[in-house]
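Reader: I'd like to learn how to read a few features of a protein model. Could you take me through them one by one?

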Amino acid sequence: MHTVYNNYTSMPEPVKCKGSIISSELQSSRAMVFAIEEINNSTELLPGIRLGYKIYDSCASVPVAVHVAFQFLNTFDSVLSTGNNCSQSGMVMAVVGDSGSTTSISMSRVISSFNIPQVSHFATCACLSDKQQYPSFFRTIPSDQFQAEALAKLVKHFGWTWIGAVWSDSDYGNNGMASFLEAAQKEGICVEYTVSFYQTDPQSKIQKVADVIRRSTAVVIVAFAALGDMRILLEELSHEPSPPRQWIGSEAWVTTTELTRFGFCAGAIGFGIQTSVIPGLRDFLLSLSPSQVAASPILTEFWEDAFNCTLKKSADTDKKMCNGTEDVQNLQSQYTDTSQLRITNMVYKAVYAIAHAIHNAVCQGTNATAKCDKLTKLESKQVLTQLKKVNFSQNGYDVSFNAAGDPVAIYELVNWQKSESGITEIVTVGMYDISLPVGQEFRINRNITWMEGITKVPRSVCTASCSPGTHKILQKGKPICCYDCIPCPEGEISNTTDSPDCLPCHKEFWPNAKRDTCIPKPVEFLSFQDILGIILSTFSVLGACLAIITAAIFFHHRTTPIVRANNSELSFLLLISLTLCFLCSLTFIGAPSEWSCMLRHTAFGITFVLCISCVLGKTIVVLMAFKATLPGSNVMKWFGPPQQRMTVVSFTFVQVLICSIWLVISPPFPIKNLTTYKEKIILECALGSQIGFWAVLGYIGLLASFCFVSALLARKLPDNFNEAKLITFSMLIFCAVWITFIPAYVSSPGKFTVVVEIFAILASSFGLMLCIFAPKCFIIVFKPEKNTKKYLMSKNQS
């Protein structure tokens, strides 16, 4: 490539086309000729009127395209030709082309001012849909806006979120890639790199683009490039192949068999115009005669390149002369390949669209009886007006234009698949129809072959998917597709892949081990099936049985001195209250209910007060009995059995009153404790009124303190079997248990609060039982000789 400097003192050299003829473009131009000849031979479309044509090569060059456009703007007579001789030139009514978006833009800017309609078969830039800038532009191929959106949905469909983007540095590539990147962003697709190039760029730039592709981590490459640009890039990549890449191509190159020779692109997928059948076209393409070839410079160049010979002897060539044995029917090239007519059909439809517009402008009727005003003065503006309205079907293909001059977007999903013979073929594997309802536009109906060495859908992500139970945390300074997978915080879950956030579970639920679903929290309470529940229940029943057995022993030996000497009535009442104390601990075991919560605390408070009242009564009896032995003392008559009963009843009534007020104002009730443990629910009884609960305990503590002080005062008195000393020990144990109970109760979590409470009840009950009654039972059962009045008297005398 070299830079041309003009001095503006002489005419610059005309731009010349470089490179060989592109077979597909030649096929398109020949298809236009075929369509025109079909129309001229038709008795229904433009009967009696012949269309003429001129074919120009724009060389994919803007200067050449502009030069050609100005040649259209002649001022010859615009009367239609009716004879077979087309030598008389007429005004250009319409233009078919160009193949490229950039050249089509340049041409449209020139000819639109003269209301000359332009129908392109391959210019797909979305910018050309702007009728403010290009009012006379139409096309039979869909806009790249639709293709870009389809490509983004295709990439998203296969789960690719990390891609590379390559495009032609032209109107086609720049606008197409801009539309794709916008659509890809909406689909959550990230782009690792974006590089553009043009076929006329220095080789060093092409090498840099190839190196970017080789070094990239993205497995998928979306290439929105023109055929010529793509050919140059793939040739550069073929010198030093990159790791396997999954190519996603635009229509401009992915449906071209010319590029399938690059084996490392096998598995490429992309969208292409629907394949079609044009009856008679193949025979027309293969009917080239030597005279036709010699009469056309373009066909001559094609013939000489295809058969590597020359039709005219020239000294500056080493090619052999063509000997006439060359047969185009045996030629294997894109020109002769009519197996997948895509763009060629777009040319065919463009010619027919113009013909229908002219027909509607000059003819009345659409069949063999149509009358056409052959001598009418037709203007291009009339053709432009009618072109906006055309709506017909040709060979089963509908042709119409929307307000933007675009057709309905229907694409085939194509895949480069290697055949058993090793030849890469372009196979249709699906469809994309923009006219279908949302969500139904895209479908795949055949298996897809992926890039070399891959048998299933390749993965192309910056970060592997975050599994359920984790959530995404974006990596600083990187695209949104690059993230770290962090386990959900405690109490939260994520049940979808790549979840951006974790959701908290309902307060009665908790995440499972994987933190991908919420499960009901296990409910915990002290049940009869728990080991602790079994142990405490056993001791509770055992204590009750022990108290009943003791009561039976006392009742059986009620006439013996040891029973009579220790206030048998209070002893029996104490044993009954101890039995109730042991049994009331059972109300603390099991699932809390409204009644059990009220019963357990009130029963515990009342039975314990009854128990302590009996002990206090026995202590007072000891003290009063000592005073009664003093000369002149008459105190025992004031503390006989009736008074003892009244004392017990009075003390107990106070507790009953406290419990009643508690139950009326704010009774205990069952609750689900959700705060102590986050991962489980504790069923427990709320106290209701804290004052009520501590009043019950405080009253028990007050009586226990009085009892302890009284027993302490009477411990050295000469009592039979020294019951005051035993009461002192029992009260010491009782007070020690309940003093340590308070901090243990407050700090114990969950069901252990209940365990501490039951333990305190059982421990204090056993303390009273063992200290007060065990020594007496031992003497009654095992030392009956000491259970005599004589022994008691001798002990007192000693």
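Author: Let's begin with how elements are named: helices (H or I, at least four residues) and strands (E, at least two) are DSSP runs, numbered from the N terminus. This is a predicted model, where local features need pLDDT of at least 70, side-chain atom pairs count only at pLDDT 80 or more, and totals for chains, interfaces and linings use all residues. Residues are numbered from 1 along each chain as its sequence is written, and side-chain values use heavy atoms, with hydrogens and water left out.

Reader: Where does Asp498 sit, and what is its phi?

Author: Most residues other than glycine have a negative phi, and most peptide bonds are trans. Asp498 lies in the loop between strand 20 (492-493) and strand 21 (503-504), and its phi is positive, near 60 degrees. Asn395 also has a positive phi, about 55 degrees, although it is not a glycine. You'll find Asn395 in the loop between strand 13 (391-394) and strand 14 (397-400).

Reader: Is Asn395 buried, exposed or partly exposed?

Author: Buried means under 20% relative accessible area, exposed over 50%, and partly exposed in between (1.4 Å probe, protein chains only). At 34%, Asn395 is partly exposed. Asp498 is partly exposed at 24%, while Thr338 has 19% and is therefore buried.

Reader: And which peptide bond is cis?

Author: The one from Gly97 to Asp98 is cis, with omega near 0 degrees. Asp98 belongs to the loop between strand 1 (95-96) and helix 3 (101-111).

Reader: How do I read a helix pair, and at what angle do helix 12 and helix 13 cross?

Author: Two packed helices are described by the angle between their axes and the distance between the axes. Axes are lines fitted to C-alpha atoms, for helices over the stretch in contact, and angles run from 0 to 180 degrees between N-to-C directions. Here the axes of helix 12 (residues 343-362) and helix 13 (residues 380-387) come within 8 Å and cross at roughly 110 degrees. That makes helix 12 and helix 13 roughly perpendicular (angles under 35 degrees count as roughly parallel, over 145 as roughly antiparallel, 65 to 115 as roughly perpendicular and the rest as oblique).

Reader: Which residues make the contact?

Author: Contact means heavy atoms within 4.5 Å. Helix 12 brings residues including Ala353, Ile354 and Ala357, and helix 13 brings Gln382, Val383, Gln386 and Leu387. Among the buried residues of helix 13 are Val383 and Leu387.
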